[in-house]
Amino acid sequence: MERIYDGGQVGRSESIIEAAPLCAKYGIQAMNLPGDLLENPEKLEETDKVIKSYGLHWGMVATPFDTYSEGLSDADFEKGLETMKKWAEEASAIGASHCYNHIWSGSNFREYDAQREWVLTRAEKLFKVLDPCGIRYGFEFLGPVPLRNSFRYPFVNNLAGALSIADDISPRLGFIFDTYHWFCGTASDPGELYLAAAHVDRLVNFHVNDGIAGRKREEQLDLERAMPMTTGVIDAKRASDLFKSRGYKGLVLCEPMNFWRAEMKDKPFEYVVKALAEGYQAID
């Protein structure tokens, strides 16, 4: 699998240029492509040359909006699509070819069927912008119970639901499998895991992490997680081994979130990158 570095995920502000030599040193192969670089062609060109000089390549392409947020107006969504078209063209030109958005696990305005049609409408428009540029797009489902309960009406919170939306648009549209959302959403249902394994050709990104020890599944919060295989709550290696056995060689991203970010905040930058690499090694 191709390991990703993302400064936002590790809570650090060092540039991709600063991160590149350390990522190469510790076996991290890909860098997520942020929007600020896509808005600065000269800086993007410079950064692209640097990461490729270290044998690295680009991971996930940012989107300019939280696509399925009910706070994003239709007018702002349409405006964002124009930005996304520009970003997709620039990303494709330097070899970046993967992108995703999460689908919120509820709505405060629409019941399930109406929410599904609303998501489909936006997803199809975004897919039509990305697909001609060769950008593989996927959905991420969100599992935490407190997050789901914060909405008036429940919506998709598992892989089957996310895939059903993708299938209504195109077989070229894929999904994200996040071990935390799998655990929280379906209590680690093996059926969901094997459903993902059966469709690894559509797996756009694989997110690995662990839960917070001492909390029940339904008490796990969306942004509070741990590095994979550190607390004994989630068996991320089981998912990793299964996907690899089915031929998955794509992108993988450690998402330890807030507690780990706070722990790493004042550590030397090389210490942080090395610790991230060790998180990936835990699922090998």
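Modeller: A crossing is left-handed if the near helix is turned anticlockwise from the far one by less than a right angle, and right-handed if clockwise. Helices (H or I, at least four residues) and strands (E, at least two) are DSSP runs, numbered from the N terminus. This is a predicted model, in which local features need pLDDT of at least 70 and side-chain atom pairs count only at pLDDT 80 or more, while totals for chains, interfaces and linings use all residues. Residues are numbered from 1 along each chain as its sequence is written, and side-chain values use heavy atoms, without hydrogens and water.

Colleague: Which hand does the crossing of H2 and H13 have?

Modeller: The crossing of H2 and H13 is right-handed.

Colleague: And which residues make that contact?

Modeller: Glu-18, Ala-19, Leu-22, Cys-23 and Lys-25 of H2 meet Phe-269, Glu-270 and Val-273 of H13, where contact means heavy atoms within 4.5 Å.

Colleague: Turning to the loops, where is Met-257?

Modeller: Met-257 lies in the loop between strand E10 (251-254) and helix H12 (258-264). Its phi is positive, about 65°, although Met-257 is not a glycine.

Colleague: Is Met-257 buried or exposed?

Modeller: Met-257 counts as buried, at 7% relative accessibility; buried means under 20% relative accessible area, exposed over 50%, partly exposed in between (1.4 Å probe, protein chains only).

Colleague: What about Met-229?

Modeller: Met-229 is partly exposed, with a relative accessible area of 36%. Met-229 also has a positive phi of about 65° without being a glycine, and belongs to the loop between strand E9 (203-208) and helix H11 (236-245).
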